[in-house]
Amino acid sequence: MLRALLLILSVVAIAHAELCKPDAQNAFKVRISIKTALGDNAYAWDANEEYLFKAMVAFAMRRYSSKSATQISNVLLCNVTDRVSFWFVVTDSSKNVTTVPGSEVEAAIRMNRNRINNAFLLSDKTLQFLKITSTLSPPVDPPTPVWLIVFGVVLCLIVAGIVFLIVSGIQKHKKKNKEPTERENLEEKVEVTLENGIPCEALDLKAGHINGVFAADDDRFTSL
Amino acid sequence: MEKSRPLWDNPLQFVFACISYAVGLGNVWRFPYLCQMYGGGGFLIPYLIMLIAEGMPLLYLELAVGQRMRQGSIGAWKIISPYLCGVGVASVVVSFFLSMYYNVINAWAFWYLFHSFQDPLPWATCPLNSNRTGYEEECEKTSSTQYFWYRQTLNISPALEASGSVQWEQALCLTLAWLVVYLCILRGTASTGKVVYVTASLPYCVLIIYLIRGLTLHGAVNGLIYMFTPKLEQLSNPKTWISAATQIFFSLGLGFGSLIAFASYNEPSNNCQRHAIIVSLINSTTSIFASIVTFSIYGFKATFNYESCINKVILLLLNAFDLEEGSLTADNLNEMKDYLMATYPQEYAQLAPQIKNCSLEAELDTAVQGTGLAFIVYSEAIKNMEVPQLYSVLYFFMLLMLGIGSMLGNTAAILTPLTDSRVIASRFPKEVISGVVCFMNCIIGLIFTMEAGNYWFDIFNDYAATLSLLLIVLVETIAVCYIYGIRRFEKDLYTMIGCKPNWYWKIMWAFVSPLLIISLFIFYLTDYILTGTLQYQAWDATQDDSISG
């Protein structure tokens with residue numbers, strides 16, 4: 001009786017060893033980086049965590065194909081390293097010595113990736129299933145690009161400024177045309193100020209213009 | 001009755017206008033590059049010598065000519081000698097070329113500024129590819145900041161011949177940039193005088209904020225040490241001196257006619273000698289200040305990249321050999337690499353091509369100038385800071401202020417001769433002339449918003465102004481010293497300011513500066529002739545790197 005039991009157990013163990021080994025068919029490698037994710041709050045990876053992992057995979061398989069009755073014992077882990085990385089396979093509950101096709105496992109894990117990650121407080125980057133690519137979440141895209149809104153605001157301000165300046169310029173121009181005498185007085189004042197500020201002989205200023213040709217000519221004639 | 005010439009409200013506006021014009025993007029993106037290439041702290045020696053030999057004298061000369069003649073560049077040179085009005089026309093044409101392509105930089109600054117109001121910044125991560133399993137391939141091969149610049153901003157084509165279409169987003173930004181310039185120059189000195197208070201002082205506020213932020217960044221000290229260790233052997237390289245002379249020359253914006261235009265709106269008794277010294281000193285000090293900021297940013301970026309590289313190598317080794325997390329650190333990496341190489345020679349040999357040799361010096365050595373520095377390196381550094389949106393907004397706003405300040409000078413150089421000429425000014429008011437000039441420039445500037453626009457931009461940037469300006473300033477100096485006569489010029493300055501220029505100014509004007517310019521001119525001519533077919537750097541989307549074309 002005992003011998004028979006031992007024989008069955010060893011057969012099962014060997015079968016399991018053959019099913020779960022690195023690069024076996026339908027086996028997946030998992031890599032976990034707990035310290036990177038959690039820093040000081042990192043937990044140690046021990047047999048309990050492995051149990052949880054098996055439970056999560058079984059849960060994922062159950063959710064994916066609702067008729068399947070995957071047990072925790074159907075999930076086999078092997079080659080656990082210090083990195084923390086290991087291989088796992090899911091055996092078929094109905095036929096004991098075969099593994100569930102890799103595509104099914106992949107689809108199941110993809111569907112439940114979020115739940116699995118959260119169970120371990122990890123993310124897609126720190127809990128890696130090496131052959132299963134994760135779908136990256138797209139960035140939030142607002143209906144109107146933000147830059148157009150800011151552009152519109154600035155554009156309106158600038159155009160308003162230009163229109164205001166042009167309109168006030170036109171109004172000032174109209175006022176000037178209506179009162180020519182005041183303009184004359186203003187110009188005389190300007191002349192007076194200029195003449196007061198500068199020694200008058202050297203610069204012949206007339207309404208702000210220097211007749212440079214004459215000044216040049218004078219010098220030339222004097223030197224002769 | 002002729003209208004009296006508009007004047008600056010006070011001398012401070014004039015000084016600010018000159019500072020705003022002279023302190024431009026070149027101080028931020030060209031000087032740090034030159035410093036790095038030509039000997040670090042040692043580059044300051046030729047730089048300061050050239051400042052004294054050609055910078056200050058030529059600046060004083062242009063300001064004095066403008067203030068004395070009280071006309072734009074065409075009118076001023078016509079007064080000096082009727083045969084010389086060609087010099088004025090040449091200045092206007094060069095200014096026109098510059099304003100055509102320079103405002104595109106402001107358009108790019110607007111684009112980045114508007115995109116800074118998002119979280120996360122759009123250049124921080126690569127966009128996803130079509131089936132959302134990974135990132136865009138082009139972006140993966142380079143970095144997200146380069147992808148944002150080359151693909152999403154410029155949408156660059158592979159070669160100059162493949163012009164592509166006008167990018168409507170860039171065209172919009174360019175139109176906005178020209179509207180802003182129009183708003184500032186609309187009323188002539190009345191509006192420009194108020195705007196330059198902002199465009200001259202704001203960049204300094206931002207630079208100070210960045211200095212404080214930059215110096216407190218992790219790894220900034222590496223960049224500063226790298227910059228300031230003088231490599232004095234570079235002083236024997238003639239290129240160092242030529243670059244110093246060229247940088248001073250172009251940084252002050254001589255020969256465009258802008259300085260003459262600004263000075264023509266001065267009171268005749270304005271002390272332009274003092275202002276010339278102040279402006280040139282502030283310009284050079286700003287260059288040095290900006291390069292301190294740039295090098296702390298470089299140091300931060302290089303350290304960040306170096307540490308990322310080391311972390312990648314560590315992760316690669318951890319994953320390949322299934323070692324425990326935390327067993328490999330930056331400190332024991334080299335010993336562990338030797339140990340692994342000895343214990344698992346075969347697997348290590350397989351991995352070897354992927355293991356990069358991370359070097360901090362190699363990261364610091366990547367010298368970048370121009371738009372690459374301003375838009376790629378800085379945005380890469382900004383995305384890694386805390387509250388990146390704030391720093392991004394500040395930085396691109398500063399670039400905008402610098403660019404608009406220089407544009408004000410350029411447009412003043414074009415508009416002052418136009419408004420001085422009685423033929424045009426009597427028929428059209430100032431606003432219409434400014435509007436027409438801005439509109440024409442905007443339409444022509446649409447070339448630079450096409451897919452191949454950046455290549456056109458590089459061509460214009462490198463070749464549009466260099467030789468012409470050297471020639472213009474050479475003729476200017478010779479005209480004032482020898483045709484107009486240095487004694488007459490002395491007398492004019494005495495009447496205006498009240499003191500005669502001393503022997504330093506006279507020697508520089510009459511001998512040193514013209515000789516320097518002639519040697520620069522000869523150097524550049526021979527350089528162009530010897531180079532033969534000119535080359536440009538193209539962006540290869542398949543390899544995602546620049547290739548020469």
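Is Asp322(B) buried or exposed, and what is its relative accessible area? Asp322(B) is buried, with a relative accessible area of 18%, where buried means under 20% relative accessible area, exposed means over 50%, and partly exposed lies in between, computed with a 1.4 Å probe on protein chains only.

The model shown is predicted, so local features need pLDDT of at least 70 and side-chain atom pairs count only at pLDDT 80 or more, whereas totals for chains, interfaces and linings use all residues. Residues are numbered from 1 along each chain as its sequence is written, chains are lettered from A and ligands numbered from 1 in the order in which they are written, and side-chain values use heavy atoms, with hydrogens and water left out.

**View 1. A salt bridge joins Asp322(B) to Lys29(A).** A salt bridge is a side-chain nitrogen of Lys or Arg within 4 Å of a carboxyl oxygen of Asp or Glu, and in this pair the closest N and O atoms are 3.6 Å apart. The contact crosses between chains, from Asp322(B) in the loop between helix H14 (272–321) and helix H15 (333–343) of chain B to Lys29(A) in strand S1 (residues 28–32) of chain A. Helices (H or I, at least four residues) and strands (E, at least two) are DSSP runs, numbered from the N terminus. Lys29(A) counts as buried, at 14% relative accessibility. Over all chains, the count of salt bridges comes to nine.

**View 2. Strand S1(A) is mostly covered, with five of its five residues buried.** On one side of S1(A) are Phe28(A), Val30(A) and Ile32(A), and on the other are Lys29(A) and Arg31(A), all of them buried. Two strands pair if DSSP finds at least two bridges between them; S1(A) pairs with strand S3 (residues 85–90) of chain A in the antiparallel sense over four bridges, and Lys29(A) stands opposite Trp87(A) in S3(A). S1(A) is also joined by three bridges to strand S4 (residues 127–129) of chain A, again running antiparallel, and there the bridge partner of Val30(A) is Phe129(A).

**View 3. Glu106(A) and Arg110(A) meet in a salt bridge within a helix.** Their side chains come to 3.9 Å, N to O, and the two residues are four apart in helix H4 (residues 102–111) of chain A, a separation of about one helical turn. An α-helix has 3.6 residues a turn, so residues three or four places apart point the same way. Glu106(A) is partly exposed at 23% relative accessible area, and Arg110(A) is partly exposed at 37%.

**View 4. Lys506(B) and Glu490(B) form a salt bridge at 2.8 Å, N to O.** This pair links distant parts of the chain, with Lys506(B) in helix H25 (residues 503–531) and Glu490(B) in helix H24 (residues 486–497) of chain B, 16 residues apart. Lys506(B) is partly exposed at 27% relative accessibility, while Glu490(B) is buried at 7%.

**View 5. Helix H23 of chain B covers residues 466–483.** The expected span of a helix is 1.5 Å times one less than its number of residues, so the 18 residues of H23(B) should span 26 Å, which agrees with the 25 Å between its end C-alpha atoms. Its buried residues include Thr466(B), Leu470(B), Val473(B) and Cys481(B). H23(B) is followed by Gly485(B), whose phi is positive, near 100 degrees.
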